Amino acid sequence: MKGYIDTYYDLTCSVCAKSRSTDYEMGMETRKDILLKHAHSEGWQCIDKLLCPDCVRRKREGEC
């Protein structure tokens with residue numbers, strides 16, 4: 001069998017389970033370093049656990 005196996009990387013929020021690729025419609029990345037660069041600029045943060053931009057905002061407003 002001939003073919004290639006591709007690896008893609010994605011992020012999922014530890015609080016609300018939203019995924020960067022589907023819920024934020026950003027797609028998946030083929031390189032971890034690029035994914036982390038984009039995620040940081042989009043507002044994803046690691047505050048004891050991985051938080052999406054919405055949960056980061058809620059945490060700052062005291063809702064979480």
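Let me begin with a definition: a residue counts as buried when its relative accessible area is under 20%, as exposed when over 50%, and as partly exposed in between, using a 1.4 Å probe and protein chains only. By that rule C55 is buried, at 0% relative accessibility.

What you see is a predicted model, in which local features need pLDDT of at least 70 and side-chain atom pairs count only at pLDDT 80 or more, while totals for chains, interfaces and linings use all residues. Residues are numbered from 1 along each chain as its sequence is written, and side-chain values use heavy atoms, with hydrogens and water left out.

I turn to the cysteines. A disulfide is a pair of cysteine sulfur atoms within 2.5 Å, and the whole structure contains zero of them. For C55, the closest cysteine sulfur belongs to C16 and lies 3.7 Å away, too far for a bond. For C46, the closest is that of C13, at 10 Å, again too far. C46 is exposed, with a relative accessible area of 65%, whereas C13 is buried at 3%.

Where does C13 lie? It is found in the segment before α1, helices being DSSP runs of H or I with at least four residues, numbered from the N terminus.

C13 and C55 both belong to the largest nonpolar core, which has nine residues, W44 and L35 among them. Such a core is a set of buried Ala, Val, Leu, Ile, Met, Phe, Trp, Tyr and Cys residues joined through side-chain atoms within 4.5 Å. The elements giving two or more residues to this core are α1 (32–42) and α2 (53–60).
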